[in-house]
Structure formats: C-alpha cells, structure tokens
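Q: Could you walk me through this model? I'd like to begin with one of its pockets and then move on to the overall fold.

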Amino acid sequence: MKKFAYYQPQTLQEAFGLMDKLKGRARYVAGGTDVIVRLKQKAIEPQALISLTRIDALKGITHDGGVSLGSMTLLRDLERDHTITRDYPALAQAVKVLANPQVRNVATVGGNLCNSAPSADSAPPLMVLEARLILEGPDGLREVPIDEFFTGPGENSMGPSEILREISIPEKAARTGMAFLKIGRVAQDIAVANAAALVVMDGKMCRKCRLVSGAVAPIPLRLTRTEALLEGK
C-alpha cells in the first residue's frame with residue numbers, strides 16, 4: 001500500500017481548506033471501511049486522506065417530525081435508535097444486515113451513500129423514504145433529492161470539494177408500511193440483490209407506492225413502472 005498523509009480536521013472549513021491546498025490529490029474519508037480496502041488493492045492512490053471523524057457538526061440523529069441524520073452517524077447508532085426502528089423499519093432492517101457489528105461500529109451512513117456502490121444497503125430504504133441530501137462545500141449548502149444523487153457505479157453528483165453534511169427524512173404519513181430485503185452469497189456479504197418497498201394505504205387502496213432495488217443496475221433503481229401499477233389500486 002502506497003504511503004499517504006493523514007489529516008483530522010475538526011471543522012468543515014478546515015476540511016475545505018485542506019482539500020483546496022491539496023488540489024485534487026486528497027480524498028475525504030469517513031469510517032474508512034471501504035477506502036482502506038481500495039487502498040490495499042491499489043484501486044485508488046491518493047497522496048492524502050482527510051478524515052471527517054472529528055467534525056462534530058456531521059454527527060447525530062435529530063427527531064423533529066421527520067429525522068435528520070448527520071452523515072458521520074455510525075450505522076451502529078442507527079441500529080440502536082428506537083425511533084428509527086419503530087417509525088422507519090426499512091432503514092433499521094437494512095442497517096442490521098449491513099456487514100457485521102464490528103464494521104457497523106466504525107462505518108457511517110454517509111460513507112455508505114458516498115461510496116455509491118450499486119449494492120449499498122442504505123440506499124434503497126432512504127430512496128423509498130424520499131430522503132434529501134444536504135451537501136456542503138466552500139461555496140455553501142445545496143440540497144439534492146437522493147433519487148438524483150447516484151450517477152454510476154462509485155459515482156455521484158457531489159463536487160470534488162463537497163461533503164455530505166446531512167440526510168433529511170420527511171415525516172412518515174399515517175398508514176405507511178415499509179420493508180427491506182437482501183440476498184447475499186453468504187451472511188455479512190454485500191448484496192447480490194436488495195430491495196425496499198413503501199406503501200401508504202387509504203383503506204384498502206394503495207395511495208402511494210415506492211419501490212427501489214439495488215445491485216441490479218449501475219445505480220440503485222427506482223421501479224417507477226411497477227409503482228404506477230399499484231398506486232390507486
């Protein structure tokens with residue numbers, strides 16, 4: 001593995017300053033569970049890693065009608081949050097089958113999204129929940145619907161200096177049901193296929209349906225034609 005410099009800024013502005021100074025020779029890193037593997041495989045060879053682990057502004061779970069997740073929130077913290085388990089079970093189910101407890105103790109929800117693997121387990125539930133991603137860079141904040149975030153395998157719509165700051169999930173409507181399912185080759189493996197479903201019922205009629213599948217296309221895939229078959233039925 002090639003040697004690299006390692007920085008631990010304590011504020012977003014410090015992180016942006018480092019990225020500007022290093023002029024494209026650095027990468028941001030969250031929990032590091034994916035980046036370190038890619039470094040060992042020589043798939044990437046940055047001259048520096050800028051760790052986000054000490055930036056408190058990127059951490060925490062806030063419940064206020066909906067839910068706001070700091071991008072550096074540990075997957076283990078999501079797994080243990082009783083409100084998420086109760087109100088957003090598809091997300092809780094996805095987190096519980098993502099790798100193993102050792103990985104979930106260091107991996108972050110933002111890192112899972114920013115790696116932008118087609119098989120990312122957190123992507124389908126957050127997509128059916130219609131999450132919005134708050135990105136921040138040297139020029140300020142912008143908001144992106146999660147449907148528009150992924151652009152290809154390992155690729156997304158973030159600028160080179162931008163950081164995913166927050167994931168905003170809207171308040172759940174009444175009479176909403178949801179679930180997440182995953183098929184892997186063995187336990188703790190990445191998904192061969194995964195999927196999340198959400199329905200909002202009005203009596204016996206499906207008022208709203210959202211379906212997303214992962215690991216079956218270059219990006220996590222909204223099944224819009226199937227949704228249309230169910231809505232209003």
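Q: Which residues lie nearest the centre of the second largest pocket?

A: Those are E171, K172, A173, L198 and K208, among the 13 residues that line the second largest pocket; a pocket is an open set of points on a 1 Å grid over the protein atoms alone, where a 1.4 Å probe fits, with protein on both sides within 12 Å along at least five of seven lines, and lining residues have an atom within 4 Å of a point. Bear in mind that this is a predicted model, in which local features need pLDDT of at least 70 and side-chain atom pairs count only at pLDDT 80 or more, while totals for chains, interfaces and linings use all residues. Residues are numbered from 1 along each chain as its sequence is written, and side-chain values use heavy atoms, with hydrogens and water left out.

Q: Changing topic, how much of the protein is buried?

A: Of its 233 residues, 44% count as buried, meaning under 20% relative accessible area with a 1.4 Å probe and protein chains only.

Q: And what box do the C-alpha atoms fill?

A: Taken along the principal axes, the box is roughly 60 × 40 × 30 Å.

Q: How many helices and strands are there?

A: The protein has 9 helices and 14 strands, with helices being H or I runs of at least four residues.

Q: What share of the contacts joins residues at least 24 apart?

A: Among contacts (heavy atoms within 4.5 Å) between residues at least 6 apart in sequence, the share is 56%.

Definitions and conventions. Helices (H or I, at least four residues) and strands (E, at least two) are DSSP runs, numbered from the N terminus. Buried means under 20% relative accessible area, exposed over 50%, partly exposed in between (1.4 Å probe, protein chains only).
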